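My plan is to look up a few things and write down each one.

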Amino acid sequence: MRIDLQTPWRIRDVEIPSRVVLAPMAGVSVQAFRRQGRRFGAGLVCSEMVSCAGLQHRNERTLGYLKIAADEHPLAVQIFGSEPPVMAEAARMVESAGADLVDINFGCPVRKVTKTGAGATLLEDPARACAIVAAVADAVSVPVSVKMRRGLEDGSRAALSVGPRLVEAGASSLTIHPRTAKQMYTGAADHALTAELVELVDIPVVASGDITSRARAQAALAATGAAAVMVGRAAQGNPWAIGEIAREDAAEPTREDVAAELVLFMRETVRELGEHRATGFLKKFYGWYLGRGRFSKPFKQELVRLETIADVETRLFAEVPGARFALSRLEREFPAGDEVLLDLPISIYGGG
Ligand SMILES: Cc1cc2nc3c(=O)[nH]c(=O)nc-3n(C[C@H](O)[C@H](O)[C@H](O)COP(=O)(O)O)c2cc1C
C-alpha cells in the first residue's frame, strides 16, 4: 500500500497539511530549525521540551526562551514536568503564546529529567501521567498530545497499557518512539509496537524512530496505520531529508544550496539566541550540514575551529561563492517573521 504523504490529517480541529512531523529535539529544534522544517514540507513542527520548573523558579533566566514566529504554524510546544498544576499553568502560557498544540513529554530518558519524576519515568506511574494529561487538557482549549517511549526497561510494553488511559484522560494524539528509555538510541525502533498502539486507540498516532527516507516512511505508515511519521536525527543539518520524505519530486541539494541554508540557519539562530550562545550552539550543525560527502572533512574541521560566526560565513562564501546568490534568494522569499516570546526556559537536557 502506497500512502500519500501529502494528505492532510487532523489532531482534533488542527489541520496538519502533510504526514511528516518534525521531531522535538533539545539543543536542536530552535526556531530556524522549525521554520526550515515547515518550508521543506513538514506538516507539523515541535519546539524542544520546555521546563515547567521555570515557572516555579522564575529567576533562573539563564537558558534562553522559546520564540515562536508567525510562519511556524501548526506548531506544537512541548512541556515537561511532574506536577499536574504546574504543567497546567505552563500549558496555559504555551497556549497564550500561540501554540496550536500542547505536547507533553513522557519520553525523555535522561537521568537529570527522570530523577525529578518527569519524562519517561511517568510511563511507570500511570496515575500521575493521567493526572498531568487531565490537568493540562482542562487548562487549555487547544488539543493536547503526548510523546512517549515504549517504556523504561528492556522489553517494556508500558506504552500499550498507559496509552489508552492517556486518551481517556484527554490526549488527542499520541506519538510513540518505540525504544525503551534504557535503550536511549541503541537498537532499532520497534514499530510493531506502534501498530499495536494504533489498534488500541481511536486518535491519531505518530510513529517516531528511524524514519530516514521516503521508503521507510511509507513502510512505517503502511505497517502501523499511524497517521504520520516523525523525523528527528535524519533532519539534523539536513532539511532535504524532510523534502525527500514529504515530496515525490524533491531534488538533491547542490553545494550552493547547502552553504546558503547553513548561513540562513546561522543568521536566524543568532537572532534567536544572541551571538554568544549561538556561537557554541551552531558548531555541531557545521558537521551535520557539510557532512554526507558534501564537503571535505578538513573543511568541516576548519569551520568548527573558527572563532566567530562571521568568520564561518566568510569562509563558507570563499569556498562556495555561488551561495551568496542562493542565500539572497532565500532571504527574499522567507523574510524573518514577527516573533512571539514565550517566557519559559528551554531545557538544557536532551533526549526523548
Ligand atoms: C538530540 C536529541 C534531542 C531530543 N530531544 C527531545 C525532546 O526534547 N523531546 C522529545 O520528546 N524527544 C526528543 N528527542 C527524541 C526525538 O524526538 C525522536 O523521538 C527520536 O530521536 C527518534 O527519532 P529519529 O530516529 O527520527 O531521530 C530528542 C532526540 C535527539 C537525538
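**Entry 1: the largest cavity.** I note first that this is a predicted model. I looked up what surrounds the largest cavity, and found 14 lining residues. Leu 44, Cys 46, Asp 103, Ser 145 and Thr 175 lie nearest its centre. I sorted the lining by residue class: 9 nonpolar, 3 polar and 2 charged. For the volume of this cavity I have about 90 Å³. I also wrote down how many cavities of 30 Å³ or more the structure holds, and that is 4.

**Entry 2: aromatic pairs.** How many aromatic pairs does the structure hold? I have 7 on my list. I picked out Trp 240 and Tyr 289, which form an edge-to-face pair. Their centres are 6.4 Å apart, and the planes make an angle of 90 degrees. This pair links distant parts of the chain, 49 residues apart. Trp 240 sits in helix α9 (residues 239-246), and Tyr 289 in helix α11 (residues 275-290).

Trp 240 has 11% relative accessibility, so I count Trp 240 as buried. Tyr 289 has 0%, so Tyr 289 is buried too.

I followed the ring pairs onward and came to a cluster. Its members are Phe 40, Trp 240, Phe 265, Phe 281, Phe 285, Trp 288 and Tyr 289.

**Entry 3: charges over rings.** Next I looked for arginines over aromatic rings. Arg 39 has its charged end over the ring of Phe 334, 4.7 Å from the ring centre. Arg 149 lies over the face of Tyr 185, and here the distance to the ring centre is 5.0 Å.

**Entry 4: a glycine in a loop.** Where is Gly 209 found? I traced Gly 209 to the loop between β11 (205-208) and α8 (214-224). Its relative accessible area is 8%, so I put Gly 209 down as buried. What is Gly 209 in contact with, leaving aside neighbours within four places in sequence? I listed His 177, Arg 179, Ala 189, His 191 and Met 230. I also checked Gly 209 against Ala 188, 21 residues away along the chain. Their C-alpha atoms are separated by 7.9 Å.

Technical notes: Residues numbered from 1 in each chain as written. Predicted model: local features only at pLDDT ≥ 70, side-chain atom pairs only at ≥ 80, totals over all residues. Heavy atoms only, no water. 1 Å grid on protein atoms, 1.4 Å probe; cavity = no way out; pocket = protein on both sides within 12 Å on 5 of 7 lines; lining within 4 Å. Points joined across faces, edges and corners; volume = space filled by probe spheres on them. Nonpolar A, V, L, I, M, F, W, Y, C, P; charged D, E, K, R; others polar. Phe/Tyr/Trp six-rings, centres within 6.5 Å; stacked < 30°, edge-to-face > 60°. Helix = DSSP H or I, 4+ residues; strand = E, 2+ residues; numbered from the N terminus. Buried < 20%, exposed > 50% of the residue type's maximum accessible area, 1.4 Å probe, protein only. Lys NZ or Arg CZ within 6 Å of the ring centre and 35° of its normal. Contact = heavy atoms within 4.5 Å.
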